[in-house]
Amino acid sequence: MTQAGRTQRLFVSCGVCNKLFNIGLSDTALMDMVVSNLQQQRAVTEQLRREAAIKRIPVSQAVADIIKFIVEHEQEDCLLVGFSSQRINPFREKSSCTLI
């Protein structure tokens with residue numbers, strides 16, 4: 001165990017050049033880093049557990065469901081069947097403004 005306020009030596013690896021750098025940290029700074037890293041790893045683990053619990057379906061079934069939805073709703077798609085009136089067409093050219 002170290003005395004309060006004593007500096008610990010920590011070796012940190014550079015991700016670019018793979019060199020080790022010796023940095024001095026106080027005990028509290030070192031503990032803060034460890035706790036922060038632990039919390040981060042727990043959050044990642046929980047996220048992975050949530051993702052693993054998601055119900056999966058085969059891609060072929062998902063594609064079949066999408067095609068079925070499109071076919072069932074194609075009469076409601078204004079881009080396929082057009083608009084009943086130009087006034088309700090949000091893509092129509094807007095009237096130009098003239099200055100007097």
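The model is predicted, and the protein chain has an average pLDDT of 79, with 69% of the residues scoring at least 70. Confidence is lowest in strand S1 (residues 7–13), where the mean is 59, and highest in H2, at 96. The chain comprises 3 helices and 2 strands, arranged from the N terminus as β-β-α-α-α.

Of the 100 residues, 3% count as buried. Contacts between residues 24 or more positions apart make up 5% of those with a separation of 6 or more. The accessible surface of the chain is about 9500 Å², and carbon and sulfur atoms contribute 59% of this area.

Part of that surface is a nonpolar patch formed by Val59, Val63, Ile67 and Val71, which together have about 370 Å² of accessible area. Ile67 belongs to helix H2, which spans residues 59–73.

Side chains of opposite charge can pair when their charged atoms come close. The whole structure contains 2 salt bridges. In one, Lys68 and Glu72 meet at 4.0 Å, N to O. These two residues are 4 apart in helix H2 and therefore separated by about one helical turn. Lys68 counts as exposed because its relative accessibility is 51%, and the threshold for exposure is over 50%.

A salt bridge also links Glu46 to Arg49, with the closest N and O atoms 3.1 Å apart. Both residues lie in helix H1 (residues 27–52), 3 residues apart, or about one turn of the helix. Glu46 is partly exposed, at 37% relative accessible area, whereas Arg49 counts as exposed at 54%.

Methods. Residues are numbered from 1 along each chain as its sequence is written. This is a predicted model: local features need pLDDT of at least 70, side-chain atom pairs count only at pLDDT 80 or more; totals for chains, interfaces and linings use all residues. Side-chain values use heavy atoms; hydrogens and water are left out. Patches are made of residues with over 30% relative accessible area and no salt bridge: like charges are joined within 9 Å, nonpolar side chains (Val, Leu, Ile, Met, Phe, Trp, Tyr) within 5 Å. Accessible areas come from the Shrake-Rupley method with a 1.4 Å probe; for residues, only the protein chains shown count as cover. A salt bridge is a side-chain nitrogen of Lys or Arg within 4 Å of a carboxyl oxygen of Asp or Glu. Buried means under 20% relative accessible area, exposed over 50%, partly exposed in between (1.4 Å probe, protein chains only). Contact means heavy atoms within 4.5 Å. pLDDT is the predictor's confidence in each residue, from 0 to 100.
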